[in-house]
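Please open the model in a viewer and keep the selection panel at hand.

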Amino acid sequence: MGQTIAEKILSQAAGRQVQAGEIVVARVDQVMAQDGTAPLAIQVFRQMGGKNPFDPKRVNLVIDHSAPSPTESISNLHKMMREFAWEHGCHLYDVGDGVCHQVMVESGRVGPGCVVVGADSHTCTYGALGAFATGVGSTDLAAALISGRLWFKVPETIKVVCHGPLPPGVFAKDLILYLIGRFTADGATYKAVEYTGSAIKELSMEGRFTVANMAVEMGAKVGLMEVDEKTWEWLREHGGGEFTAFSSDPDAVYAKVVEFDLTSISPQVACPHRVDNVSPVEKVAGTKIDQAFIGTCTNGRLEDLRVAAQILAGRKIHPRVRLVVAPASRKVYLQAMREGILATLVEAGAAVVTPGCGPCVGTHNGVPADGEVVVSTANRNFKGRMGNAKAEIYLASPATVAASAIAGEITDPRPFLK
Amino acid sequence: MIEGRVFKFGDHIDTDLIIPARYLNTSDPAELAKHCLEDADPSFAKEVRPGDVIVAGVNFGCGSSREHAPLAIKAAGVACVVAQSFARIFYRNAFNIGLPLLECPDAPRIPAGSRVRVDLQSGRIEVLDTGEVFTARPIPPFMQEIIAAGGLIPYVEKRLKTR
């Protein structure tokens with residue numbers, strides 16, 4: 001019987017042929033935790049009697065959720081992470097290095113065929129590189145940290161065929177918001193999603209990360225993509241090692257196959273307080289905003305900052321709007337500096353903050369006031385997500401957010417891109 | 001056997017609502033419990049008593065992988081969560097830390113504020129005032145053992161000792 005990508009990767013990692021529905025114990029290639037989850041994982045690791053991680057070179061600790069630390073208590077948690085990483089020789093990404101998922105895909109250690117567990121739900125981002133990567137809690141992470149193994153239920157796969165090309169002014173973020181609106185927030189719970197079709201193939205790797213990143217917003221365990229020349233090029237550029245790529249067999253068994261024609265969609269916006277509450281931009285255009293945010297593991301990469309700079313060049317943001325920009329990593333930050341992107345954004349009125357997650361998760365760097373409205377490139381608009389339950393969050397592409405920052409209200413970016 | 005008062009919530013209760021990231025500056029369960037679900041129901045943490053039960057709709061626990069979410073619920077005294085469905089990572093985390101979850105298709109019909117008796121083994125949920133009975137999917141035996149031990153860590157310790 002044919003196998004899906006998810007079944008093939010887990011077969012290899014479990015050392016036997018497996019299919020959807022089976023419980024397997026699989027080898028884990030990389031383990032990741034961030035400062036929101038690592039302290040608890042380290043605590044559990046010790047409670048479990050853990051002495052040394054199974055392989056420190058496969059362990060990645062990232063300080064990104066509150067970086068640099070805004071409070072004394074968080075500083076102490078950071079210190080605990082650093083000491084653990086230094087003691088055992090784990091990879092430590094400290095303040096300013098970037099958002100965990102961006103540093104992981106830039107590391108060259110995650111690639112096709114890998115099994116990765118991360119104590120962060122958006123670990124599914126690495127599916128764009130053909131890796132079976134999924135979010136787990138701190139206890140599961142501690143178990144993987146000790147043993148280099150973890151149990152998984154082999155997921156059924158939903159094949160999502162995306163027919164392109166995307167129209168001008170419509171981006172990877174619009175594509176995935178459109179899909180989430182159709183699937184709903186639990187439409188793929190416990191399933192693997194396999195994204196395919198011309199609209200996916202045409203995306204850059206950066207755009208593919210955006211799409212894979214949000215698989216969890218429809219409940220999926222992983223969001224996988226087929227490996228192609230763009231994947232290998234990304235890996236070469238980032239010093240990637242040896243990897244084995246898998247693709248689904250023609251007779252693989254899917255839970256379902258869904259096709260979408262994306263050739264005439266508009267830019268999409270997710271309205272408060274649900275990621276699947278999605279409308280075309282025309283429907284929400286005119287909604288007044290107080291803050292705009294460009295960044296995160298979804299949309300803080302170079303091409304995101306480039307399109308924002310293209311729109312903001314020679315313009316000023318609305319006088320009653322704050323624009324916060326957080327490059328996804330130090331690497332992205334430096335390149336954006338070299339290209340003059342940051343100068344353009346700052347001249348337009350943006351406040352650039354340290355690469356990290358703060359504004360998205362509401363730990364610091366841009367908590368909105370009561371009753372305020374934010375348009376953001378993040379992946380979640382849950383009530384209270386940005387640190388204030390009395391604020392409203394709209395999610396959109398970097399182009400839509402940049403255009404909205406200029407207009408002071410949610411705005412279709414397409415006229416700005418002509 | 002669990003006996004307690006029902007606190008009701010709707011669909012898609014996410015982990016940011018259960019415990020906002022601004023409180024992840026600690027992993028002390030008692031501290032987390034003080035802020036449990038405060039953005040969804042500000043009085044919940046004050047009113048909930050040991051043995052009480054959360055009842056909700058679909059996709060409970062969606063969003064972040066933070067294990068602080070089930071920890072906060074458990075430390076608030078909640079004996080189990082009954083929902084139509086649960087998000088994947090939350091489901092695994094809850095059993096790992098010893099918080100039992102029951103999937104019950106009729107969960108939205110269980111009255112708010114009522115007293116219920118819940119049998120985790122059979123999945124039987126009885127509303128004590130009216131005698132009405134709801135049925136949840138029973139928890140698989142292996143996961144019941146984890147719950148009985150108090151979570152994955154004590155479960156593994158126990159297994160190692162009896163080897």
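Begin by selecting A:Ser247, which is partly exposed with a relative accessible area of 35%; buried means under 20% relative accessible area, exposed over 50%, and partly exposed in between, with a 1.4 Å probe and protein chains only. This residue lies in the loop between helix 9 (229-237) and strand 11 of chain A; helices (H or I, at least four residues) and strands (E, at least two) are DSSP runs, numbered from the N terminus. Leaving out residues up to four places away in sequence, A:Ser247 touches A:Ile5, A:Lys8 and A:Glu226, where contact means heavy atoms within 4.5 Å.

Two conventions apply throughout. This is a predicted model, in which local features need pLDDT of at least 70, side-chain atom pairs count only at pLDDT 80 or more, and totals for chains, interfaces and linings use all residues. Residues are numbered from 1 along each chain as its sequence is written, chains are lettered from A and ligands numbered from 1 in the order in which they are written, and side-chain values use heavy atoms, with hydrogens and water left out.

**The domains of chain A**

Colour chain A by domain: domain 1 spans 5-260 and domain 2 spans 270-413, with bounds that come from an automatic or database domain assignment. Taken over C-alpha atoms, the centres of these domains are separated by 24 Å. At their meeting, 36 residues of domain 1 of chain A are in contact with 35 residues of domain 2 of chain A.

**Nonpolar cores**

Which residues have the most contacts inside the largest nonpolar core? Select B:Phe60, B:Ile73, B:Val82 and B:Ile125, which hold that place in a core of 101 residues. A nonpolar core is a set of buried Ala, Val, Leu, Ile, Met, Phe, Trp, Tyr and Cys residues joined through side-chain atoms within 4.5 Å. Because domain 1 (5-260) and domain 2 (270-413) of chain A both give residues to this core, it lies between them. Apart from this core lies another, of 68 residues, among them A:Val116, A:Met214, A:Ala215 and A:Ala220.

Centre the view on B:Phe60. Neighbours within four places in sequence aside, its contacts include B:Ile13, B:Ile18, B:Ile54 and B:Phe90. Ring pairs also link B:Phe60, B:Phe86, B:Phe90, B:Tyr91 and B:Phe95 into a cluster.

**Aromatic pairs and charges over rings**

Over all chains, the structure holds 13 aromatic pairs. Rings of Phe, Tyr and Trp (its six-membered ring) pair if their centres lie within 6.5 Å; planes under 30 degrees apart count as stacked, over 60 as edge-to-face and the rest as tilted. Select A:Phe45 and A:Phe84: their ring centres are 5.4 Å apart and their planes stand at 90 degrees, so the pair is edge-to-face. A:Phe45 lies in helix 2 (residues 38-47) of chain A and A:Phe84 in helix 3 (residues 72-88) of chain A, so the pair ties together parts that are 39 residues apart in sequence. A:Phe45 is buried at 1% relative accessibility, and A:Phe84 is buried at 1%.

Next, select A:Tyr178 and A:Phe260, whose ring centres are 6.2 Å apart with planes at 85 degrees, so this pair is edge-to-face. Both A:Tyr178 and A:Phe260 are buried.

A charge sits over a ring if NZ of Lys or CZ of Arg is within 6 Å of the ring centre and within 35 degrees of the ring normal. The charged end of A:Lys153 likewise sits over the ring of A:Tyr190, 5.5 Å from its centre.

**Enclosed elements and backbone details**

Select helix 8 (residues 205-213) of chain A: nine of its nine residues are buried, so this helix is largely enclosed by the rest of the structure.

The peptide bond from A:Ala67 to A:Pro68 is cis, with omega near -5 degrees, and A:Pro68 lies in the loop between strand 3 (59-62) and helix 3 of chain A. Finish at A:Thr296, which has a positive phi of about 85 degrees although it is not a glycine.
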